Amino acid sequence: MNENPGAESFAELKRREQITNPQSEVVHFPASEGLPLDSGAVLAPFSVAYQTYGTLNADKSNLILVCHALTGDQYVASTHPVTGKPGWWETMVGPGKPIDTDRYFVVCPNVIGGCMGSTGPSSLNPATGRAYGPDFPVITLRDMVRAQARLLDYLGVDQVLSVIGGSMGGMQVLEWAASYKDRVFSAIPIACAARHSSQNIAFHEVGRQAVMADPDWCGGLYLEEGKNPRKGLAVARMAAHITYLSDRALHTKFGRNLQDREEVTFGFDADFQVESYLRHQGMSFVDRFDANSYLYITRAMDYFDIAADHGGVLANAFAGTKTRFCLISFTSDWLFPTEESREVVHALNAVAANVSFVEIDSNKGHDAFLLHEPELFDTVRGFLGAAARQRGLAGAGGGA
């Protein structure tokens, strides 16, 4: 573990460079085109960083929008510029893969509030010339989707072939389907819910308190102070990571195996493999993610409740929709259990929407949507293929 948690690592410097000079496409919206937020504030100016894969066809009808989860970013299928690791969904997106970039044009934006080029709390505040920090306005998932809609306007795309995402990405998919019915031909929300549960809000609060309890958080002004609340953010990540796995997955992978020793030390080092694993997850995370972004994005998830935005009736959010839906859940996901996906399915059935639902038997927990799950791949490939045929793209290549 870093003995000087306030010191900037090379990876941290690389990440901060991504704020002003992202290694991806970025569109800057001037102050005259500010983004109205649910809080009543206006974010102006603002930027959206994004990655594209494949080729947009002549009539711009083959675009698939991929929405990332809480700690994700736009590098869905390409090497991450900070960590050097493969894209977070390379199992799903790429040539010949379920989201086939030989056929579809894939766009994955970094959410506003993020820290990889889209405007967030570590971006410069034009009013002060310093990082926004805690002065960044509180955002919602609907604000994120609103910014993505601006991106599609910039790209000249009226309707996407599909919007897909898991976890917080799946929540964005549902928000897209509720707020922009005419712009979404098909939607694939995976391992998500129409609102954040009290249990999930509680987990997020533990993480936020861990960050804010770190003395290097400095009331959110750590960038001005040349510090970084690495320890607090690492603990937040450790706590959250437990929720992404199932008990069975943890037991299968680690059990009670000791880490590089034959007997316990009767101390507080990482005696167990699972402890060492969580510490590694925590410390590797802080090099690629901003602490204030973690606070703001978790808060946005907490505020998510589509039914509350539509008179308390979830079905009202989808009334009149012509979007084709495919919802996917996993049997061992206790963070977003299957019954929460079924609630969305019931609401869609109530408005006679075109909806299919697949519950996949998996012991991998919530993170199953990011891992090797053949049934998930087959489901996505089949649903997208059917949507493409219904939209007249059958047999079409990726070229213009």
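Is Cys-192 buried or exposed, and what is its relative accessible area?

1. Cys-192 is buried, at a relative accessible area of 3%. Buried stands for under 20% relative accessible area, exposed for over 50%, and partly exposed for what lies in between (1.4 Å probe, protein chains only). Cys-218, at 23%, is partly exposed.

2. This is a predicted model, in which local features need pLDDT of at least 70 and side-chain atom pairs count only at pLDDT 80 or more, while totals for chains, interfaces and linings use all residues. Residues are numbered from 1 along each chain as its sequence is written, and side-chain values use heavy atoms, with hydrogens and water left out.

3. Zero disulfides (pairs of cysteine sulfur atoms within 2.5 Å) turn up in a search of the whole structure. For Cys-192, the nearest cysteine sulfur belongs to Cys-67, 11 Å away. For Cys-218, the nearest is that of Cys-115, at 18 Å.

4. There are 11 aromatic pairs in the structure. Rings of Phe, Tyr and Trp (its six-membered ring) pair if their centres lie within 6.5 Å; planes under 30 degrees apart are stacked, over 60 edge-to-face, and the rest tilted. One of the pairs is Trp-88 with Trp-89, stacked at 5.4 Å centre to centre and 15° between the planes. Trp-88 is partly exposed at 21% relative accessibility, whereas Trp-89 is buried at 0%.

5. Phe-289 and Tyr-294 are edge-to-face, because their planes stand at 85° with ring centres 6.5 Å apart. Both residues are buried.

6. Arg-237 sits over the face of Phe-285, 4.7 Å from the ring centre. The criterion is NZ of Lys or CZ of Arg within 6 Å of the ring centre and within 35 degrees of the ring normal.
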